[in-house]
Amino acid sequence: MEKNGVTPNIDVSSLTDQIETLGTQEPKHNSLQESSHDVIIQAVDDDPILSITTFEELKVHENLLKGIYEMGFTRPSKIQAKALPLLLKTPPQNMIGQSQSGTGKTAAFVLTMLSRIDFNLQSPQALCLAPSRELARQIMVEVRKMGKHTPVVTAEAIRESDIKSTVGKTRNEEFASAQLIVGTPGTVYDLLKRRIINKTHMKIFVLDEADNMLDQQGLGDQSIRIKNMMPKDCQIVLFSATYSTQVRTFAGRFAPNANQFSLKVEELSVKTINQFYMDCKDENHKFEVLDDLYTLLTIGQSIIFVQKRDTADTIARRMTEKGHKVINLHGGLSTTERDEVMDGFRRGDAKVLITTNVLARGIDVLQVNLVINYDLPLDNSSRRPDYETYLHRIGRTGRFGRTGVSINFVHDANSWEIVKAIENHFNREIVKVPTDNWDTIE
Ligand code: ADP
């Protein structure tokens, strides 16, 4: 149960044991393939964390190396080892990268951004977009840690907090001197349009959660407009754990002549995340099962995903009434509330976070060892299973080789079909946890 020196403190130990005895279906193995034009490497079906390369071999600048080692990173993960030599090349080349959740994609692009900056030039040179303020803030924390021994000047381009920042600079001054900017597309676009962010010297443009950022139903328009404002020779770097076929085609136009890393659908699931479902009698019974789960089991930190903000509020209220200490985060809260909830969860002040898809992607809290899909992820327009969101949601656990558990609530024929479809899609068994006899679990 121990991996990378981390012991999961989930005391669903017998549940985890059960998971292991019940077994999981191994994905089919795939071989390495390369195409003739772009570098397309299908990852071999092995551990995405372990690599034999060192950061020194990747010729990372010594000030950045210092930052990396202080973060506790001893060796690069597979995606870092494979992508960094291509990302750091001169002249710069575009990249469309894919690797499973929690395998260290952030460090790969943060290191690239920091490596590209001329610290003598007080002007924006690296821009990274993320789909949520929580993820943008998290990326910035990684930038500041990794760049600790460099003079990098940074700025967050997210909606301003209702509480005034303690930094003495105005927003205009902050962005005028910033060299590396991380933000959400709406705010970044606004700041670029108003020329508060100067694009002239921009050298690298990164889209984290790229498939989400290019989605035509969502953030795609803004990402395209921002990209069109970047200088022609700006390096474009896209990273995500998932790309639908449609988005990948578009990504190829967005980042032309890119080096590409792609995974086959069977390789996408993180093997250390054990996937379960629980049978509930109906919608109401789901809450009883949730209450039982938290009453009967000792759980470390966990995230409960629901489809709507209202449900998040209702479940949070009812769980509180039942005596469980929970917190709740969704897009309907103020920026200050969102920051407070997220910071509290990261500190471990609260163990149970109820949320919507706003936190499905990217959020990295290593102690999270259980993810519950109280509502299964559905595509809002087609009402079909949202496979990508499913993978991202359960990927909030099992970070960087750690073990994790995900539980899906099934309460009717439709939700049953969704679980089966997800199982088939990723070719990974989702195992039943009995809800009628809790003794078998504890
Ligand atoms: P991804 O973006 O692929 O979902 P992250 O970049 O958030 O994954 O990395 C997951 C976790 O692993 C983070 O807590 C990160 O600090 C850690 N991490 C990343 N690279 C390394 C490394 N080389 N060695 C140890 N830990 C790492």
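Predicted model: local features only at pLDDT ≥ 70, side-chain atom pairs only at ≥ 80, totals over all residues.
Colleague: Where do side chains point in a regular strand?

Modeller: In a regular strand the side chains alternate between the two faces of the sheet. Now take strand E11, residues 326-329. Val 326 and Asn 328 lie on one side. Ile 327 and Leu 329 lie on the other.

Colleague: Are those four residues of E11 buried or exposed?

Modeller: Buried, on both faces. Buried here means under 20% relative accessible area.

Colleague: Which strand does E11 join, and in what sense?

Modeller: E11 runs parallel to strand E12, residues 352-355. Four bridges join the two.

Colleague: What handedness does the unit of E11, H13 and E12 have?

Modeller: To judge a crossover, look with the strands pointing away from you; a clockwise path over the helix is right-handed. E11, helix H13 (residues 335-347) and E12 form a right-handed β-α-β unit.

Colleague: Now strand E13. How many of its residues are buried?

Modeller: Six of six, across residues 368-373.

Colleague: Which strands pair with E13?

Modeller: Strand E10, residues 301-305, pairs with E13 in the parallel sense over five bridges. Gln 301 has Val 368 of E13 as its bridge partner. Strand E14, residues 404-410, also runs parallel to E13, with four bridges between them. There, Val 371 has Ser 406 of E14 as its bridge partner.

Colleague: Through which helix does the chain cross from E13 to E14?

Modeller: Through helix H14, residues 387-394. This β-α-β crossover is right-handed.

Notes: Residues numbered from 1 in each chain as written. Heavy atoms only, no water. Buried < 20%, exposed > 50% of the residue type's maximum accessible area, 1.4 Å probe, protein only. Pairing = 2+ DSSP bridges.
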